Amino acid sequence: MTSLLVLASVVLVALACLLRVYAKLPAVDLGPFGRMLYVDTGQRASDLLVSERYHLMGGPDYILEEQGEKIPVERKPRMLNHSGPLESERLQLAACCLLVEEREGRTVHHGRLQYQNCSLDVPFDDALRRKLLATLAAIQACADVPDVRRSHPSPSRCHGCDFRAHCTESLAR
Ligand code: SF4
């Protein structure tokens, strides 16, 4: 578990924004919806977005450009219901906004969550930015802790976790 925590200090485990791979593609014209600049193909680790400042790496599924603004897009394999986006989905998207900001040197104003039944724009505002930075700080504070126990009883979370193969507490079977 210790090695997992060390790894978690440089990548954002809790946000599942990990080990995503960008392949730079020619810009694709999406008509009134803008241009697709990048797509995550899962093939080129060298194209990961990396922030030394925030000890963060990863990337969204897509980056769109609309009216001159870069918009990170995360696809979700579920329907959005009346409860709205999960906090983890908002934080994951926020991490992607931060990474795009770091790379571009320009403010990212919002990201987009793309569900099976709709898309939702999420403002990357001060409140979400503060929550993200607090989450990153909490993860990094765990880096030197010798052991941390699993904090949930959910096998499905472990099934969706990128670190289940290295985790001694995984419930994924
Ligand atoms: S496999 Fe499960 S317990 Fe282990 S880090 Fe992932 S979510 Fe947490």
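## Nonpolar core

The largest nonpolar core has 23 residues, and those that touch the most other members are Ala94, Ala95, Cys97, Leu98, Leu99 and Val100. At least two residues of this core come from each of strand 4 (56-58), strand 5 (62-66), strand 6 (69-75), helix 2 (87-104) and helix 3 (126-141). Helix 2 gives the largest share, nine residues. The model described here is predicted.

In soluble globular proteins, nonpolar side chains tend to be buried together.

## Helix 2

The 18 residues of helix 2 should span 26 Å at 1.5 Å a residue, and the end C-alpha atoms are 26 Å apart, which agrees. Buried residues in helix 2 include Glu89, Arg90, Leu91, Gln92 and Leu93, as well as Cys96 and Cys97.

Val100 is also buried. Leaving aside residues up to four places away in sequence, Val100 touches Leu49, Ile63, Lys70, Pro72 and Val108. Just after helix 2, Gly105 has a positive phi of about 70 degrees.

## Strands 7 and 8

Strand 7 (residues 110-114) and strand 8 (residues 119-123) run antiparallel and are joined by five bridges. The two strands form a hairpin, with four residues between them. Across this pairing, Arg112 stands opposite Asp121 in strand 8.

## Surroundings of the ligand

Around the ligand are Arg150, Arg157, Cys158, Cys161, Phe163, Arg164, Cys167, Glu169, Ser170 and Leu171. This shell divides into five nonpolar residues, four charged and one polar.

Note on methods
Residues numbered from 1 in each chain as written. Predicted model: local features only at pLDDT ≥ 70, side-chain atom pairs only at ≥ 80, totals over all residues. Near = placed C-beta within 6 Å. Nonpolar A, V, L, I, M, F, W, Y, C, P; charged D, E, K, R; others polar. Core = buried A, V, L, I, M, F, W, Y, C linked by C-beta atoms within 7 Å. Buried ≥ 20, exposed ≤ 12 C-beta atoms within 10 Å, placed from the backbone. Contact = placed C-beta atoms within 7 Å. Expected span 1.5 Å × (residues − 1). Pairing = 2+ DSSP bridges.
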